[in-house]
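Here is a short report for a reader meeting this structure for the first time. Please keep the sequence and the 3D view open while reading.

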2 protein chains.
Amino acid sequence: MKNIYIIGVGLIGGSFALEIKTKYQNTRIFGIDTNQDHIKEAISLKVIDESATYGDLPQADLVILSIPVDAAVKELPKILNAIADTTLVIDVGSTKKPICEAVELHPKRRNFLATHPIAGTEFSGPKAAIRDLYRHKTNIICEVEKTAFKLQEKALRLFSELGMRIRYMNPDAHDKHIAYVSHLSHISSFMLGKTVIEKEKNERDIFDMAGSGFASTVRLAKSSPDMWTPIFKQNKTNVIETLEEYIINLTHFKDMMQSDDFESIYNEMKNTNHIKDILEGIA
Amino acid sequence: MKNIYIIGVGLIGGSFALEIKTKYQNTRIFGIDTNQDHIKEAISLKVIDESATYGDLPQADLVILSIPVDAAVKELPKILNAIADTTLVIDVGSTKKPICEAVELHPKRRNFLATHPIAGTEFSGPKAAIRDLYRHKTNIICEVEKTAFKLQEKALRLFSELGMRIRYMNPDAHDKHIAYVSHLSHISSFMLGKTVIEKEKNERDIFDMAGSGFASTVRLAKSSPDMWTPIFKQNKTNVIETLEEYIINLTHFKDMMQSDDFESIYNEMKNTNHIKDILEGIA
């Protein structure tokens, strides 16, 4: 791989760029971004080598599409229109059904691989790009059979170089389950942050009382609304389902407290403690 | 300080023991615990030097009471009955009003200092005890004026040696605010864990999809039900209030999603992003 194009030079795309440069000799990393400040920043941070446009895409060996999922759905067909027959295009968005549907009938569908690397931080932009973000992380690949065999191989080699493990899943199942293990966490964190800020806005000193437990549960409330609003929009049905179940569980907890049923509260917590085993191995 | 008695040799008491041993020469650390396995474990881990009973308390220079808050309220009067006039007794529980009320009229009230070190991890028991747990952490002291001046000094010297910063607060205010910045986080985390486990119980592989964001938001769901059930019980009114507000905010978020009002969702998240500034300085 010689010419790599990163479309969207933020945390996810930028971290790919940094890793690819370390692992592959003689590559040149091009950045495409609607935000020219991000391009300048990415160049000065040596995340990318230079700026490019869609007109340059016929030269691309690999295109990584790492922009908010609403924009990705619109841009991917244009990108597929612009590339050469041998170019591999990968997206990395947190929803998979809409993007797979958007290019289902595209003549270059076989140049595209739908992926979701389960990696990230609560930060964003080129300065958030870090090395080693993907090592030991899971990458979920959807509809692998719709990608040309040679391009599948190319992608798997890249993911292997980066230290990722692969799971295959259909887009429907991906979007349903990711709502539980990722999207719901973000909403619970944002609303926890909101609840505390609203209550404590006139008593800023109170945050002196907050410890690492609070910090851990509201960490995701630092996440980018530009990235997350389109994710919630695209995965609306699944996310609403998770929210309904979460609200039911919280309301049940409150009801148990109101009726002084602390034995049941104890059992609820005890039963949930085995999340310990489930979390083992997650960074 | 020569003879230190730790009542409840778990994460909190054990971590005090480890630090005190490092900072004070010639101290002897005694452990009192209803769980004899914890005593044995604490001795073998060198968290404490030896086992003791309430009968030994007249020899104590310092007693640290670090047991679940329901037991603390019952045991504190007995401990105050047993100590000498010069003994300092500190509790470290996550609720402050019930314990202050329990000894309000006790003849040895001036030997007691009510504190809440904002420090901990999601683990428990003697093996969870760690060095440096308290460095740079906040310790909230309630009703300081009710403690004998010399014993206040002794306590402040200890906290200073351990690197803690002190905040003074009345028990009512403590219990109200800590419900927001600590107790609610634990419930949100437990119920998030429950929601995901319930949904995914037949598809264990799905947890492969969980990343560090999920791990962060459900970390507190590993916490000990023995410790947390009595906290929720003692702080029932305040905790129910926080839960009601949290549920209202989550329901509002769901309603906005259902009515496709993603502009408002964007603004909600944007407004909550400034939790970044608030969290600065929290470990």
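**Confidence**

This is a predicted model. Chain A has an average pLDDT of 95. In that chain, 98% of the residues score at least 70. For the complex, the predictor gives an ipTM of 0.93 and a pTM of 0.93.

**The sheet**

Start with chain B. Its 8 strands form an open sheet in the order 3-2-1-4-5-6-7-8, and the pairing is mixed. Strand 3 (50-51) and strand 8 (165-169) of chain B are at the edges. Each has a single partner strand, so one side of each lacks a neighbour in the sheet. Strand 8 of chain B pairs with strand 7 (residues 138-142) of chain B over 5 bridges, in the parallel sense. In this region, Ile141(B) stands opposite Tyr168(B).

Now turn to chain A. Strand 4 (residues 62-65) and strand 5 of chain A run parallel and are joined by 4 bridges. Val63(A) faces Val89(A) across this pair, standing opposite that residue of strand 5 of chain A. Side chains in a regular strand alternate between the two faces of the sheet.

Strand 8 (residues 165-169) of chain A contains Ile166(A). Ile166(A) counts as partly exposed because there are 14 C-beta neighbours inside 10 Å. Leaving aside residues up to four places away in sequence, Ile166(A) touches Asn139(A), Ile141(A), Leu156(A) and Phe159(A). Ala82(A) lies 84 residues from Ile166(A) in sequence, and their C-alpha atoms are 28 Å apart.

**Helix 2 of chain A**

Which residues of helix 2 (residues 36-44) of chain A are buried? They are His38(A), Ile39(A), Glu41(A) and Ala42(A). These four cover an arc of only 165 degrees around the axis, so they sit on the same side of helix 2 of chain A. Gln36(A), Asp37(A) and Ser44(A) are exposed on the other side. The cover over the buried residues includes helix 1 (11-23), strand 2 (28-32) and strand 3 (50-51) of chain A. Just after helix 2 of chain A comes Lys46(A), with a positive phi of about 60 degrees.

**The core**

The largest nonpolar core has 174 residues. Val63(A), Leu65(A), Val63(B) and Leu65(B) touch the most other members. Take Val63(B) as one of these. Not counting residues up to four places away in sequence, Val63(B) touches Tyr5(B), Ile7(B), Leu57(B), Ile79(B), Ile83(B), Thr87(B) and Val89(B).

**Between the chains**

How many residues of chain A are in contact with chain B? There are 78, and they meet 78 residues of chain B. Several elements of chain A each supply at least two residues to the side that touches chain B, among them strand 7 (138-142), helix 7 (212-218) and helix 9 (236-258). Helix 6 of chain A gives the largest share, 20 residues. The table divides the residues of the side of chain A that touches chain B by kind.

| Kind of residue | Count on the chain A side |
|---|---|
| Nonpolar | 42 residues |
| Polar | 21 residues |

Key:
Residues are numbered from 1 along each chain as its sequence is written. Chains are lettered from A and ligands numbered from 1 in the order in which they are written. This is a predicted model: local features need pLDDT of at least 70, side-chain atom pairs count only at pLDDT 80 or more; totals for chains, interfaces and linings use all residues. Two residues are in contact if their C-beta atoms, placed from the backbone, lie within 7 Å. Ala, Val, Leu, Ile, Met, Phe, Trp, Tyr, Cys and Pro count as nonpolar, Asp, Glu, Lys and Arg as charged, and the others, Gly among them, as polar. A nonpolar core is a set of buried Ala, Val, Leu, Ile, Met, Phe, Trp, Tyr and Cys residues joined through C-beta atoms within 7 Å. A residue is buried if 20 or more other C-beta atoms lie within 10 Å of its own, exposed if 12 or fewer, and partly exposed in between; C-beta atoms are placed from the backbone. The arc is that of the directions from the helix axis to the C-beta atoms. pLDDT is the predictor's confidence in each residue, from 0 to 100. Two strands pair if DSSP finds at least two bridges between them.
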